[in-house]
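Reader: I would like to learn how side-chain features are read from a set of coordinates. Could we take them one at a time, each with its criterion?

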Amino acid sequence: MLGGPNHERADRVVATEVPPDSRRVQAALSEAQPRSGVAVTEANLAHLPRLVAEHVRRSGAVGQPRVSSLRANIHGRIRASATSRWMTYTGEQVNTYGPAPSRLFWMDATMFGLPVDVLHVLVGRTATMRVKLCSMLPMANAAGPEMDRAETVTLFNDLCILAPAAFIDAPIVWQPLDDSHVRGVFTNGAQTVTADLTFCDGDLVDFISDDRMSTTPDGSTFTPQLWSTPVSDYRAFGTRRLATRGDGRWHPTAPP
C-alpha cells in the first residue's frame, strides 16, 4: 500500500536507486546491508514457486546486484471512499530491506484547495501515520499494533511490486495455489501477514490481502477489510522492469 490505510488510489510509479536527501531516510539506509557486487543468479530462484521465480526473472533481476533499498516517486489521485472527491497527490518513498526493514512514505495532496501532507513511517517493527492540513493542523495520528500490521502488509506489497529481486532473501513462506495464483506469508517482527498474488503471462497483476485494516479519517479506529492492488503498464527502468500503474482498492463487506 502506497497510500493511507483508508484510501483508494490510482498511481503512476517511477522507481530509482537514488535516495532522497533527508536525515530519516539516510538513517534508514545506513541500516540496510549493502550487497554491491553480489548478483542475483538462477540458483537463488530455485526455492521460489514457478510463478514467483518468473516474476523475478521478468523484472530484470538475474545478473544484477541484489536489492537492499529503493526509492519510488509516485503521482496519482486518492479519495477516502467511493463517494468522496478525488484529491491529486505526489509522493516519494524509500524502502530498505534486511533484518530491520523500513518504509518511509511522504505524500503531498490538495483537499478543497488546501495542502495536506501525509507521512508513513515503518522502522523495524513499529509503524506510524501522521496527516496534517497546511503542515500544521493534525487530521490523523495512527499508531499501535493495528497500524504495525497494516504497514507490514504495505511493506510486503512494495516488495512484490517494486523490489521482486528482494524475494530471494525475504522472510516469506510461499504456497502455490493454482496455475495463476500463489499465496505469500510474510513475517516482520511480531506481525505475520498473508496475501494472494495473481499472475498473468509471467507478470504480477494483483495483490490481495485481508490483513491490512482500514481506518477512520482520524486514524483512531481500524476495521478488517479486504484490500487489493491491481497493477499494469510494465516498463523498463534501466536494467529493471516494473509496473508503472496501480490502484489501491478497498472491498467493503456486503451487509447481511
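Reader: To begin with a location, in which strand is the place of Thr-244?

Author: Thr-244 has its place in strand E16, where helices (H or I, at least four residues) and strands (E, at least two) are DSSP runs numbered from the N terminus. This is a predicted model, in which local features need pLDDT of at least 70 and side-chain atom pairs count only at pLDDT 80 or more, while totals for chains, interfaces and linings use all residues. Residues are numbered from 1 along each chain as its sequence is written, and side-chain values use heavy atoms, with hydrogens and water left out.

Reader: Is Thr-244 buried or exposed?

Author: Buried means under 20% relative accessible area, exposed over 50%, and partly exposed in between, with a 1.4 Å probe and protein chains only. Thr-244 has 2% relative accessibility and therefore counts as buried. A polar atom of the Thr-244 side chain lies 2.7 Å from the backbone oxygen of Asp-233.

Reader: How many aromatic pairs does the structure hold?

Author: Rings of Phe, Tyr and Trp (its six-membered ring) pair if their centres lie within 6.5 Å, and planes under 30 degrees apart count as stacked, over 60 as edge-to-face and the rest as tilted. The structure holds six such pairs. For Phe-156 and Phe-207 the ring centres are 5.4 Å apart and the planes stand at 75°, so this pair is edge-to-face. The pair links distant parts of the chain, with Phe-156 in helix H3 and Phe-207 in strand E11, 51 residues apart. Phe-156 is buried, at a relative accessible area of 0%, and Phe-207, at 0% relative accessibility, also counts as buried.

Reader: Why is the pair of Trp-227 and Trp-250 tilted?

Author: The planes of Trp-227 and Trp-250 are at 45°, with ring centres 6.3 Å apart, so the pair is tilted.

Reader: How many salt bridges does a search of the whole structure find?

Author: Side chains of opposite charge can pair when their charged atoms come close. The criterion is a side-chain nitrogen of Lys or Arg within 4 Å of a carboxyl oxygen of Asp or Glu, and the search finds 12 salt bridges. One of them joins Glu-151 and Arg-103, whose closest N and O atoms are 3.2 Å apart. Glu-151 lies in helix H3 and Arg-103 in strand E4, 48 residues apart; Glu-151 is buried, with a relative accessible area of 0%.

How values were computed:
A polar contact is a pair of N or O atoms within 3.5 Å; within protein, one must be able to donate a hydrogen and the other to accept it, and residues adjacent in sequence count only if both atoms are side-chain atoms.
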